[in-house]
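Please keep the model open while reading.

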Amino acid sequence: MNNLLVFPLLIPLCTAAVLIFLKNNVAAQRWISALSMLATASASAALLMKVKAEGIQTLHMSGWLPPYGIVFTADMLAALLVLAATAVSAFCLIYSFGTVGADRERHYYYPFMQFLMVGVNGSFLTGDLFNLFVCFEVMLISSYALIVLGGTKKQLRETLKYMLINILSSTLFVAAVAYLYGAVGTLNMADLSVRVAEAGQGGVLNAIAVLFLIVFSLKAGLFLFFWLPGSYGVPPAAVAALFGGLLTKVGLYALIRTFTLIFYHEPQATHGWIGWMAGATMVLGALGAIAYADVQRILNYNVVISVGFLAFGLAAGSKDSLDGAVFYLLHDMLAKALLFLLGGMIVHLAGTNKLKEMGGLIKRYPAVGWMFFAAALAVAGIPPLSGFAGKLLLIRGGLQEREYELAAISLASSLIVLYSLIRLFMHAFWGDEKARPGREPVPALSIGMLASTACLTVLVIAVGLGSEWVYRFVAEAGDTLMNPAAYIDAVLKE
Amino acid sequence: MELYMSLAIGVIFTVGVYLILSKSLLRIILGTSLLTHGVHLLLLTMSRLKTGAAPLLGQKADAYVDPLPQALILTSIVISFGVTSFFFVLAYKAYQRLGTDDMERLRGKDDE
């Protein structure tokens, strides 16, 4: 029992409730939300240290013992992801000061951001399947509001599609929960794992597992990503970074949790599908990343590629590949958020999102250029930076499991990632400066933009250089994933 | 009884999917609400439709129906209610701004 577990939810929730009353006082909203992010980050860090020192932490809500009550569980994976998610949202928050516009800030932008954090952290920490559904909905409803806030034609159009897809996948989620409850009669994840093992996975339970695969793939953009490139392109950069950094990763976390804790008995039935979907996602994402010539599309298809890459780790399912997936997940949250923030800066500075119409930014903005270069190399997985260790572990795990085709596809996709981002870099920063009729000659960068991207860049480099130190945490997360009994013991026997 | 319920839910799902695949936005929203109806009935059905008293301890019955799915359905109903109302307002706003409710014409152009 440990009350520290609810603080990553409780702090943003209370902050959001307070911020609603400060509608017109933008300065107070900024201060309070920044302070609450700091508090959430310290609580998450404390939780991570606690998990490192004492093993898996659980909290039984109102003292009802599982499987009867709702239980919150923090194993190493959840604690790491909560900390990374909080860090990413904090930097997106700082970036949004002065970039999202006073109009949005007065219309509950900051409360929605806090509610999004509640949903994300809740999804990582919960130990109950229906509670996971509720946390997903908290996250999704805030994301609907954040994506449409501003109300331009493009936003309205893409939000319609985004909402429709998510309503559909949530409906399927409830149907999958209903089937699972009908089949085994419980909703607590640890208890589910025990009951599924007793009943023997196969037949009906395999069908339910595939239904869960479809649901979470829709949320994570694994193969069923057709909604993603359009809808992530319309909100302002800070929101897009939040989405690219967090939302698909929550779907991936749900996939990893479900298929390592509950449905791990017949890997040939489920993990084979995941492997196929991962390969197809990488190929299709790579095609998209090459095909388009505007900033948002390139970055959105890079999100898709990394989702495929992570799913490859889950499909291989060895200790190395799961370690690699966890490591890459952490890196990808930070690096993708950084890429989206820098992409937003490039669009702001160049006044356009078309590659052909921009150029020569490096002369006036060398810092932005080199940060983007570092971020591009990190995402591609160049050794001293953060993406390398995760990719190395993933591919080593894949080769050990004889997934040669998938390993080849993932290596090739890294090349495409590098190509697409360097192409963006060269078009935006090299060459001659293009005249921008009707715009101020030298657009300024706010301190918030520079500070948040600089901090994220430092973090990405630090994770790369300190891989050995990070790996100690990651390896422990991988151990729990490989060995569900530890999770079950922590939840059910206390 | 479960068989009839399953058949009815199947019909609701079919109609919902058919409506979602149509062009008009309003029909799509009706389709999503039908799907949520179907899925709530599915939750109820999957907990077995045994006869028993309503889950109130004051009834002092020998057997009660399963109370858990009812709580799940109640949660899911309010969530889908909130989402649907948001979706309706969004559709209204989109109709005002974009001047069409035809999904085929909402593909999007680059020059906006």
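At what angle do helix α6 (residues 129-148) of chain A and α3(B) pack, and how far apart are their axes?

## Helix to helix across the chains

The angle is about 10 degrees, and the axes are 11 Å apart. Axes here are lines fitted to C-alpha atoms, for helices over the stretch in contact, and angles run from 0 to 180 degrees between N-to-C directions. So α6(A) is roughly parallel to α3(B). Angles under 35 degrees count as roughly parallel, over 145 as roughly antiparallel, 65 to 115 as roughly perpendicular and the rest as oblique.

From α6(A), the residues in contact are F130(A), F133(A), V134(A), E137(A), I141(A), Y144(A), A145(A) and V148(A). From α3(B) come L72(B), T75(B), S76(B), I79(B), V83(B), F86(B) and L90(B). Contact means heavy atoms within 4.5 Å. The class count is 12 nonpolar, 2 polar and 1 charged. Ala, Val, Leu, Ile, Met, Phe, Trp, Tyr, Cys and Pro count as nonpolar, Asp, Glu, Lys and Arg as charged, and the others, Gly among them, as polar.

## Basis of the model

This is a predicted model: local features need pLDDT of at least 70, side-chain atom pairs count only at pLDDT 80 or more, and totals for chains, interfaces and linings use all residues. Residues are numbered from 1 along each chain as its sequence is written, chains are lettered from A and ligands numbered from 1 in the order in which they are written, and side-chain values use heavy atoms, with hydrogens and water left out.

## The whole interface

Chain B brings 33 residues into contact with 29 residues of chain A. The two chains bury about 3,000 Å² between them, 81% of it on carbon and sulfur atoms. Buried area is the accessible area (1.4 Å probe) that two parts lose on being put together, summed over both. There are 4 residue pairs in polar contact between the chains, both residues at pLDDT 80 or more. A polar contact is a pair of N or O atoms within 3.5 Å; within protein, one must be able to donate a hydrogen and the other to accept it, and residues adjacent in sequence count only if both atoms are side-chain atoms.

On the side of chain B that touches chain A, α2 (25-46) and α3 (67-98) of chain B each supply at least two residues. The largest share, 15 residues, comes from α3(B). This side of chain B divides into 20 nonpolar, 6 polar and 7 charged residues. Helices (H or I, at least four residues) and strands (E, at least two) are DSSP runs, numbered from the N terminus.

## Salt bridges

How many salt bridges link chain B and chain A? The count is 0. Over all chains it is 13. The rule asks for a side-chain nitrogen of Lys or Arg within 4 Å of a carboxyl oxygen of Asp or Glu. E105(A) pairs with R30(A) in this way, with the closest N and O atoms 3.0 Å apart. E105(A) sits in α4 (residues 102-106) and R30(A) in α2 (residues 26-54) of chain A, 75 residues apart.

## Packing around α3 of chain A

Helix α3 (residues 76-96) and helix α14 (residues 319-350) of chain A have axes that come within 10 Å and cross at roughly 10 degrees. Therefore α3(A) is roughly parallel to α14(A). Their contact has 15 nonpolar, 1 polar and no charged residues.

Helix α5 (residues 109-125) of chain A packs on α3(A) at about 170 degrees, with axes 9 Å apart. That makes the pair α3(A) and α5(A) roughly antiparallel.
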